[in-house]
Amino acid sequence: MAWQEEGVLLSVRKHGESSAIVEAFTRSHGRHAGVVRGGGGRRMAPLLQPGGQLSFSWRARLEDHLGAFTIEPVRSRSAHFADPLALAGLSAVTSLLAFALPEREPHPGLYTRSVALLDMLGDEDVWPLAYLVFEMALLEELGFGLDLSRCTLSGDRENLAFVSPRTGRAVSREAAGDWADRLLPLPPCLLGQGPATAGELLDGLRLTGHFLDTRLAPALGDRPIPGARTRLVERMRRRF
């Protein structure tokens, strides 16, 4: 059994004396693990950085075996390591994908979005909103998407201002009434209404974070959402 494909390196952990088990995310093979011989040594450390774009060649005797990777560099994203916020964004993306994606299940649309986001981490004017949209897409891809198309109470499509924390559906300002303080704010940037302010970004991350915690995590055995995501939100709060 063998395949070769370009992808993103999600995680690395030592295996035995000198090898490493790495997880890749590719368009056609999803999140896929394999052993890299020599991957635990210093020589390969610069190549085996989460977020790097690599060419992965996987081979195993049987399809359900762990198998082994040989890898070649495509492009590095190590330039982002000098910016603490961009590095936090990279770590949050790779950690969430490694946490949430089913093993060996293709998600080509999410793969394309993830690569585009990682490639724009050098542009602070655009990537924070793209990251927020990435979290929305991750929820949607895994079956926990939010319905922001119309008010769940009135059916109106205008003046949508909140999301029900229970149903994940939008609520208009008028329909919310006295219940507004029990709902989650819906930032206009998630409705395509212009660029995001700092406050909107943080409101959006509070919104997606709620559903990552209450829907996605319990579906995966109630493991906590990776700490890298919390650290990114904290850095965004301090920066913006």
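Mentor: A salt bridge, as used here, is a side-chain nitrogen of Lys or Arg within 4 Å of a carboxyl oxygen of Asp or Glu. The model is predicted, so local features need pLDDT of at least 70 and side-chain atom pairs count only at pLDDT 80 or more, while totals for chains, interfaces and linings use all residues. Residues are numbered from 1 along each chain as its sequence is written, and side-chain values use heavy atoms, with hydrogens and water left out.

Trainee: How many salt bridges are found in the whole structure?

Mentor: Side chains of opposite charge can pair when their charged atoms come close. The search of the whole structure finds seven salt bridges. In one of them, Arg239 pairs with Asp83, and the closest N and O atoms are 3.2 Å apart. Arg239 lies in helix H6 (residues 227-239) and Asp83 in the loop between S5 and H1, so this pair links parts of the chain 156 residues apart. Helices (H or I, at least four residues) and strands (E, at least two) are DSSP runs, numbered from the N terminus.

Trainee: Which residue meets Arg229 in a salt bridge?

Mentor: Glu135 does, at 2.8 Å from N to O. Arg229 belongs to helix H6 and Glu135 to helix H3 (residues 127-141), 94 residues apart. Arg229 is buried at 11% relative accessible area, and Glu135 is buried at 0%.

Trainee: Which residues are joined into one network by shared partners?

Mentor: Salt bridges with shared partners join Glu6, Arg75, Arg77 and Asp119. Asp119 sits in helix H2 (residues 108-119), and Arg77 in the loop between S5 and helix H1 (84-100), 42 residues away. Asp119 is partly exposed at 40%, whereas Arg77 is buried at 4%.

Trainee: How do I read strand pairing, and which strands pair with S4?

Mentor: Two strands pair if DSSP finds at least two bridges between them. Strand S1 (residues 2-15) runs antiparallel to S4, and seven bridges join them. Gly7 has Leu54 in S4 as its bridge partner. S4 also pairs with strand S5 (residues 68-75), antiparallel over seven bridges; there, Gln53 has Arg75 as its partner.

Trainee: Why is S4 largely enclosed?

Mentor: Five of the seven residues of S4 (residues 53-59) are buried, so the rest of the structure largely encloses this strand.

Trainee: What does His32 touch?

Mentor: Contact means heavy atoms within 4.5 Å. Leaving out residues up to four places away in sequence, His32 touches Trp3, Val22, Glu23, Ala24, Trp58, Phe69 and Arg104. His32 is in strand S3 (residues 30-36) and is buried at 3% relative accessibility.

Trainee: What is the secondary structure of the protein chain as a whole?

Mentor: The protein chain has six helices and eight strands. From the N terminus, the order is β-β-β-β-β-α-α-α-β-β-α-β-α-α. Buried residues make up 45% of its 240 residues. Of the contacts with a separation of 6 or more, 57% are between residues 24 or more positions apart. Its C-alpha atoms fill a box of roughly 60 × 40 × 25 Å along the principal axes.

Notes
Buried means under 20% relative accessible area, exposed over 50%, partly exposed in between (1.4 Å probe, protein chains only).
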